[in-house]
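Here are some worked exercises on a structure. Grab a pencil, try each task yourself, and then read the solution.

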Protein chains: 2
Amino acid sequence: MYLGSWLNRLGRGLSRPIGKTKQPIWGSLSRSLTLSSQRVPEFSSFVARTNTCGELRSSHLGQEVTLCGWIQYRRQNTFLVLRDCHGLVQILIPQDESAASVRRTLCEAPVESVVRVSGTVIARPLGQENPKMPTGEIEIKAKTAELLNACKKLPFEIKDFVKKTEALRLQYRYLDLRSSQMQHNLRLRSQMVMKMREYLCTLHGFVDIETPTLFKRTPGGAKEFLVPSREPGRFYSLPQSPQQFKQLLMVGGLDRYFQVARCYRDEGSRPDRQPEFTQIDIEMSFVDQTGIQHLVEGLLHYSWPEDKDPLVAPFPSMTFAEALATYGTDKPDTRFGMKIVDISDVFRNTEIRFLQDALAKPQGTVKAICVHEGAKYLRKEDIEFIRKFAAHHFSQEVLPIFLNARKNWSSPFAKFITEEERLELTRLMEIQEDDMVLLTAGQHEKACSLLGKLRLECADLLETRGLALRDPALFSFLWVLDFPLFLAKEESPTELESAHHPFTAPHPGDIHLLYTEPEKVRGQHYDLVLNGNEIGGGSIRIHDAQLQRYILETLLKEDVKLLSHLLQALDYGAPPHGGIALGLHCGSF
Amino acid sequence: MYLGSWLNRLGRGLSRPIGKTKQPIWGSLSRSLTLSSQRVPEFSSFVARTNTCGELRSSHLGQEVTLCGWIQYRRQNTFLVLRDCHGLVQILIPQDESAASVRRTLCEAPVESVVRVSGTVIARPLGQENPKMPTGEIEIKAKTAELLNACKKLPFEIKDFVKKTEALRLQYRYLDLRSSQMQHNLRLRSQMVMKMREYLCTLHGFVDIETPTLFKRTPGGAKEFLVPSREPGRFYSLPQSPQQFKQLLMVGGLDRYFQVARCYRDEGSRPDRQPEFTQIDIEMSFVDQTGIQHLVEGLLHYSWPEDKDPLVAPFPSMTFAEALATYGTDKPDTRFGMKIVDISDVFRNTEIRFLQDALAKPQGTVKAICVHEGAKYLRKEDIEFIRKFAAHHFSQEVLPIFLNARKNWSSPFAKFITEEERLELTRLMEIQEDDMVLLTAGQHEKACSLLGKLRLECADLLETRGLALRDPALFSFLWVLDFPLFLAKEESPTELESAHHPFTAPHPGDIHLLYTEPEKVRGQHYDLVLNGNEIGGGSIRIHDAQLQRYILETLLKEDVKLLSHLLQALDYGAPPHGGIALGLHCGSF
């Protein structure tokens, strides 16, 4: 997931939900248009109109105006509602004989035709004002009208409440874009990115530098798109990120770089991953982890829409180990609880066989989550779904047990649980009436991962059953820190690979472990998580050539020749540096 | 040529020329840093320094500061000059025994090593101030020092006056970037683009929308880069420009779009054309040609560096026909004269055979340019070069004659020129002593094109010989208008092709000619020319589906199926619209 997805959510928050209103909420749109500026932009400079439809108010009474827009609808050949990018206004179609041609133009043009109308801003007759419409106090008495372009019969109406299939929306993207929702989303994104630029460039001296996108391949990372060059057998590669360029810019003394950078990953399309995407790409010299965190908090605070609750900084933070132990994931959704609890000690003397077996192993644990009101809201088929999910996605030693807290505990294993265990469990997990507990046993990471997934599945299920668990208006940011620097390779567990990328600097306190127990070294990597989605990530980089060479060559067994240019650059006075990238969708186009 | 090239020239104008100074002009850099903002950015937020090296002045006297930077040079182990992205400052190395370790750190680190130094800002002793250095009144009495990264022996010194080959500069790009000139250029570009964004987004309500770069091929235009997809035999195409996207955005009612857009052309690298480049891409609804011109003039005026003479708007304009007749090109360099003059009438009765022949043909003309002081400054080998150039690049009917104005005219043809012709020529071309006239005969376009090229060659030659013709500080903008809408295909002159692209709207006064003499139709296309380089171009687009279909199908014989989505979009209420793109280099990275 990228920032863009929650931009859309922000957008939805600003307008009323689609399908629940018959009136586009242009009012909230024009309010947010002042976002990125102290002054309201001139929307009618350089063009053949004097005003936009949406901006007209009682203060314009008596003014002669020229408007350009689309015919939204017509009522009894008397009124016409004209729409442009800023809203709707009512046009009074003249009825007198002398204005026959104006009348004809306005009455005969099909809906969604483009017209230019000149006339006078007049007050609506008493009692005919429309308080739901920002321009509802006035109307335009048309004097001239010109048909600029006629519209054919539409495949769907341009109204937010008209439901369209995704396929139809994509086929007629240019019509879909006319909806107030799409207009709002695109404008909101533009304004937020502009505010981010102001913050970085104007307030904090960052330099916006464009890096090449047709470049040579670099080792590691995601699969890259290749672009055949004019020389047979030679290819450009589209970048996954400007990582190496920005590090070289720091070596070049640029001090503070940023770019709204287009990136590419040839990994096939998934709902949360597109082949091309955009990131706010940032790098700074002489900075530490805290510095980058403060920068990003300031950046988001500054660019946050004014009509939303301001963000509270600093954002909470959590180590990777804590996130895994408590939420079973490195990107916890902290909008709700249902945390994982280690209940190994409760079952040290259990008679339940699979718990016994699990605890007998060197790293065996018993873990559980308590689903509040789960016994009340979840149905038998839900439980079945959860059991199947656990069985399907995890190996057999991981098995859930379901305990029902309604008076007496209901579970296939209930009779094997002693009263003492029951009391201790209730105390540890704060179990209340109607709760449900999901219990599993196994190795720490595996048990946590399973419960982390079940936690989200349960939240989805509870919400389907009508229990509001995650407030859609809540934006719960979280830093996840202290990731391991290396992971054991899946296909060959005695070898190491970078948890993120090989340029991440080790935690200063763990440097000595690099030479003894590298798998225990923490990296100076940080992820920014929002509502359970990773929306940004970055690290302090290695600026010491010798250390970088040791990690690449000795620990990761990489061919250093492919990265010799970077290693050489580090040798020529590279400053300490670090950065971050925040994902943005490629717009809603 | 793109805007970027003259950005570099602007940069050069701001600093003193390379090679003529031993002191980087950091002063002018920090002045221009306030360009894009009313407030000076905080350059030391979030990092381990209190100040930048370059910002310290007498007003900081007595302050304890922490600085991070590169060791520029050291004098007698007593002084050290520290450099960061904002300038230079002198560090006083402590000499007392108690500070031995600080002294050792600062004296032993090689040049270009990265250090952090803390100390007190003190006044330099009387008489030791350096007025050429912005920080020349003060120095830092070092108290602590830390070596952050040592630097190996450099391939070249980081000083603007040290000449480096282009190859060496590219190999060690990160070292080249440390020069004040490169730092300045990158910062200037960032600031100008930010100002352009402010102008478009904040002042005039444009929406910054990112369009896809992995998309399907579109017919016509330059050769596109293809990107193999995961589906065998299917390819993405990298866009030459977001032309169709921005038109569809207008149909979508976005009203005002802009994008700093990466574009691609697979045409091989040339000095003025790279496979990837960036353009400021703009599109507006309800606009005419004048509207776009005003917008661009305002945009450049607003983003122009403050320490340059402000631009004067409106820019002069010229029709394509006039540009060709007067300058022999569609992108005239109007910084100097040497205009083409039609002298056909002078030679109606000439005895010179090739002029006779030329004038006897239906469209035959005789043309000339007068090279002021050409006879004085140009040498025999220059004349030889010009003759060869003309012979080599143009067909044989085009031949130059050289007339020497020093007292008697010197030319192989001089004896065939009558006194009357001589007087008339002198009057028409304002020939003075020591001038040289280049004369040619042939068909209008060909004669003009040749003289247009010779005009530039002569200017180059005169400048090599020491005559300053084109002021490098002059920025001479020019609009070129009224281009033909179609050109005869070179390989098949009875067929038409678009002079620019098939979406350009015809001139309103010429619509009727579309059906009778389409080759005479002028298009609503405009080019922006700066000092003889096309830096931007755009047009009012066709918004009428029927007209667009007629031009594509009947006149251009294109397969309309490939553009059916655009034709369909025009049918659903497309507003009148137009736009422009201004070229920007991809930065100096």
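This is a predicted model: local features need pLDDT of at least 70, side-chain atom pairs count only at pLDDT 80 or more; totals for chains, interfaces and linings use all residues.

**Exercise 1. A pair in chain B**

Does Arg262(B) count as buried or exposed, and what is its relative accessibility?

- Step 1: The cut-off for buried is under 20% relative accessible area. Arg262(B) comes in at 14% relative accessibility, so it counts as buried.
- Step 2: Now look for the partner. The side chain of Arg262(B) meets that of Glu276(B) in a salt bridge, 2.7 Å from N to O.
- Step 3: Glu276(B) has 6% relative accessibility, so it counts as buried.

**Exercise 2. A pair in one loop**

Work out where Asp510(A) and Arg522(A) lie, and classify each by its accessibility.

*Solution.* 
- Step 1: The two side chains form a salt bridge, at 2.8 Å from N to O.
- Step 2: Asp510(A) and Arg522(A) are both in the loop between β18 (496–498) and β19 (525–530) of chain A, twelve residues apart.
- Step 3: With a relative accessible area of 6%, Asp510(A) is buried. Arg522(A) is at 29%, so this one counts as partly exposed.

**Exercise 3. Crossing between chains**

Which residue of chain A does Asp571(B) pair with in a salt bridge?

*Solution.* 
- Step 1: Side chains of opposite charge can pair when their charged atoms come close.
- Step 2: Here the partner is Lys152(A), with the closest N and O atoms 3.8 Å apart. The cut-off is 4 Å, so the pair makes it onto the list.
- Step 3: Asp571(B) belongs to helix α16 (residues 564–571) of chain B, while Lys152(A) is in the loop between β5 (138–149) and α4 (166–171) of chain A.
- Step 4: Asp571(B) is buried at 18%, whereas Lys152(A) is partly exposed at 41%.

**Exercise 4. The interface as a whole**

How many residues of each chain are in contact with the other chain? Describe what the interface is made of.

*Solution.* 
- Step 1: 102 residues of chain A touch 102 residues of chain B.
- Step 2: About 8600 Å² is buried between the chains, with 58% of it on carbon and sulfur atoms.
- Step 3: Ten salt bridges run between chain A and chain B. One of them joins Glu210(A) to Arg189(B), whose closest N and O atoms are 3.0 Å apart.
- Step 4: On the side of chain A that touches chain B, the largest share comes from helix α6 (residues 180–203), with twelve residues. That side divides into 55 nonpolar, 25 polar and 22 charged residues.

**Exercise 5. Symmetry**

*Solution.* 
- Step 1: A turn of 180° with a shift of 0.0 Å along the axis does it, giving an RMSD of 0.1 Å.
- Step 2: The copies are thus related as by a two-fold rotation axis.
- Step 3: In chain A, the C-alpha nearest that axis belongs to Val227(A), at 2.5 Å.
- Step 4: Now compare the two sides. 100% of the interface residues of chain A are also interface residues in chain B, so the copies meet through the same surface.

How values were computed: Residues are numbered from 1 along each chain as its sequence is written. Chains are lettered from A and ligands numbered from 1 in the order in which they are written. Side-chain values use heavy atoms; hydrogens and water are left out. Contact means heavy atoms within 4.5 Å. Buried area is the accessible area (1.4 Å probe) that two parts lose on being put together, summed over both. Helices (H or I, at least four residues) and strands (E, at least two) are DSSP runs, numbered from the N terminus. Ala, Val, Leu, Ile, Met, Phe, Trp, Tyr, Cys and Pro count as nonpolar, Asp, Glu, Lys and Arg as charged, and the others, Gly among them, as polar. Copies are superposed by least squares on the C-alpha atoms of residues with pLDDT of at least 70 in both. Buried means under 20% relative accessible area, exposed over 50%, partly exposed in between (1.4 Å probe, protein chains only).
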